[in-house]
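I open the notebook on this model and note what I looked up, entry by entry.

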Amino acid sequence: MGTIRQRRNGTFELRVVHKLLDKPYYTTHDTRSDAEGYDRNLTQALNLGHLPKELQAQAPEDVSISKVLRDYRQTATIAPSDMPMVRQLERTLTGNVGDITLLWAQRWVLTMKRVEHLAPGTIRKKVECLARVLTWWGKRVHPVDALPPNPLTMLDPGYS
């Protein structure tokens, strides 16, 4: 819930602090009821994990993979068995979310097979973990009806 204060010029300033926001968000409204209504809607969206476009500091594709994994680790409900995998992916994956394509996913799987010599089960766990994270993140930054496809879920059966 935000804090509303009346300014000297008669407008009402709303200040919202939430764990999904990097810094407090300020907005000005003509009436107290407008500020309260906006606060209700914004708080409800943030509590559901949705970050409205006007609050996004960067284009979604410019966000680093490690930042998305860190946000997921800090705000989402994660199974205790998944936490080590999320931390490992956060340390090892580089680049931006916009770089993740089907070709990127296929190359990542090949690297895990041929360079890291990982077992198929381990490869599947890593891919499925990152796929869950990207789906969670996509729901936060995109409207549900405009959710982009997750390239990790488009891998051919038996990819590992």
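I started with Thr31, which sits in the loop between E3 and H1. The model is a predicted one. Is Thr31 buried, partly exposed or exposed? Thr31 has a relative accessible area of 34%, so I put it down as partly exposed, the class between 20% and 50%. I then looked up its separation from Glu13, 18 residues apart from Thr31 along the chain, and the two C-alpha atoms are separated by 9.5 Å.

**Entry: helix H1**

Next I took helix H1, residues 32-47. H1 has 16 residues and spans 22 Å from its first C-alpha to its last, close to the 22 Å expected at 1.5 Å a residue.

Which residues of H1 are buried? I listed Ala35, Gly37, Asp39, Leu42, Thr43, Ala45 and Leu46. Their cover includes three strands that I noted: E1 (3-6), E2 (12-16) and E3 (25-29).

I looked at Gly37 on its own, as a residue of helix H1. Its relative accessibility is 14%, and because the limit for buried is under 20%, Gly37 counts as buried. Gly37 and Ala119 are 82 residues apart in sequence, and I read 53 Å between their C-alpha atoms.

After H1 comes Gly49, and I noted that its phi is positive, near 95°.

**Entry: aromatic pairs**

How many aromatic pairs does the structure hold? I found two. I wrote down one of them, formed by Tyr72 and Trp136. The centres are 5.2 Å apart, the planes make an angle of 70°, and the pair is edge-to-face. It joins distant parts of the chain: Tyr72 belongs to helix H2 (residues 65-75) and Trp136 to helix H5, 64 residues apart. I checked the accessibility of both partners, and Tyr72 is buried, as is Trp136.

**Entry: H3 against H5**

I then examined the packing of helix H3 (residues 83-92) and helix H5 (residues 120-141). Their axes come within 10 Å and cross at roughly 85°. Since 65 to 115 degrees is the range for roughly perpendicular, H3 is roughly perpendicular to H5.

Which residues make the contact? From H3 I have Met85, Val86, Gln88 and Leu89, and from H5 I have Lys125, Lys126, Cys129 and Leu130. By type, the residues of this contact are five nonpolar, one polar and two charged.

I looked up Leu110, which has its place in helix H4. Leu110 is partly exposed, with a relative accessible area of 36%. Between the C-alpha atoms of Leu110 and Ile123, 13 residues apart along the chain, I read a separation of 9.7 Å.

From there I went on to His117, in the loop between helix H4 (102-114) and H5. His117 is not a glycine, yet its phi is positive, about 55°.

With 19% relative accessibility, Tyr159 counts as buried because the limit is under 20%.

What is Tyr159 in contact with, leaving aside its neighbours within four places in sequence? I listed Val109, Lys113, Ile123, Arg124, Val127 and Glu128.

I also looked up Tyr159 against Arg40, 119 residues apart along the chain, and their C-alpha atoms are separated by 45 Å.

Conventions
Residues are numbered from 1 along each chain as its sequence is written. This is a predicted model: local features need pLDDT of at least 70, side-chain atom pairs count only at pLDDT 80 or more; totals for chains, interfaces and linings use all residues. Side-chain values use heavy atoms; hydrogens and water are left out. Axes are lines fitted to C-alpha atoms, for helices over the stretch in contact, and angles run from 0 to 180 degrees between N-to-C directions. Helices (H or I, at least four residues) and strands (E, at least two) are DSSP runs, numbered from the N terminus. Angles under 35 degrees count as roughly parallel, over 145 as roughly antiparallel, 65 to 115 as roughly perpendicular and the rest as oblique. Contact means heavy atoms within 4.5 Å. Ala, Val, Leu, Ile, Met, Phe, Trp, Tyr, Cys and Pro count as nonpolar, Asp, Glu, Lys and Arg as charged, and the others, Gly among them, as polar. The expected span of a helix is 1.5 Å times one less than its number of residues. Buried means under 20% relative accessible area, exposed over 50%, partly exposed in between (1.4 Å probe, protein chains only). Rings of Phe, Tyr and Trp (its six-membered ring) pair if their centres lie within 6.5 Å; planes under 30 degrees apart count as stacked, over 60 as edge-to-face and the rest as tilted.
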